[in-house]
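Good morning, and thank you for coming. Please look at the chain on the screen while I describe how it is put together.

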Amino acid sequence: MAATKISCILKDRRNALKLTPQDVIAALKERGIDIKEKALYAYENGDNSPKVNTFIALCDIYKISDVMKEFGYSKQSCAVPLATNAFSTIISHCSFRQIPF
């Protein structure tokens, strides 16, 4: 998946939920993730990619329950279906405050 598409989806979801960058940063901070506004904009512009724990937390904040579907991945296109299934299971069953990153 191109970083551009991921960044657009992240920005679109934030805007659809009418969240300000400050709202997102505060929600991330509640999850133990401290980023600057500049970093959030870099994720949304495709200039940088979030770390895995930040990405998962953003998906939670943006109410993305099916990460694989939302970002255009399917089991048919994945070279390693087990990894896809494992990732989907982790995303759907995790409590983000308990993930030891």
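Of the 101 residues in the chain, 33% are buried. Here, buried means under 20% relative accessible area, exposed means over 50%, and partly exposed is in between, with a 1.4 Å probe and protein chains only. This is a predicted model, in which local features need pLDDT of at least 70 and side-chain atom pairs count only at pLDDT 80 or more, while totals for chains, interfaces and linings use all residues. Residues are numbered from 1 along each chain as its sequence is written, and side-chain values use heavy atoms, with hydrogens and water left out.

Let me turn to the overall fold. The chain contains six helices and zero strands, and its pattern along the sequence reads α-α-α-α-α-α. Helices (H or I, at least four residues) and strands (E, at least two) are DSSP runs, numbered from the N terminus. As for contacts, which are heavy atoms within 4.5 Å, 60% of those with a separation of 6 or more join residues 24 or more positions apart.

What lies inside? The largest nonpolar core has 19 residues, and L10, L28, I35, L40, L58, Y62 and F71 have the most contacts inside it. Such a core is a set of buried Ala, Val, Leu, Ile, Met, Phe, Trp, Tyr and Cys residues joined through side-chain atoms within 4.5 Å. At least two residues of this core come from each of α1 (3-16), α2 (21-30), α3 (37-45) and α4 (52-61). With five residues, α4 gives the most. In soluble globular proteins, nonpolar side chains tend to be buried together.

Why is α4 largely enclosed by the rest of the structure? It is so because eight of its 10 residues are buried; these are N53, T54, F55, I56, A57, L58, C59 and I61.

One partner of α4 is α2. The two pack at an angle of about 115°, with their axes 10 Å apart. Axes are lines fitted to C-alpha atoms, for helices over the stretch in contact, and angles run from 0 to 180 degrees between N-to-C directions. From α2, the contact uses V24, A27 and L28, and from α4 it uses T54, A57, L58 and I61. Six of these residues are nonpolar, one is polar and none is charged. Ala, Val, Leu, Ile, Met, Phe, Trp, Tyr, Cys and Pro count as nonpolar, Asp, Glu, Lys and Arg as charged, and the others, Gly among them, as polar.

Next, the backbone. Most residues other than glycine have a negative phi. K18, however, has a positive phi of about 55° although it is not a glycine. This residue is in the loop between α1 and α2 and is exposed, with a relative accessible area of 72%. K63, in the loop between α4 and α5 (67-70), also has a positive phi, near 60°. At 60% relative accessibility, K63 counts as exposed.

Finally, which residues does N45 contact, leaving aside neighbours within four places in sequence? They are S7 and K11. N45 belongs to helix α3 and is partly exposed, at 48% relative accessible area.
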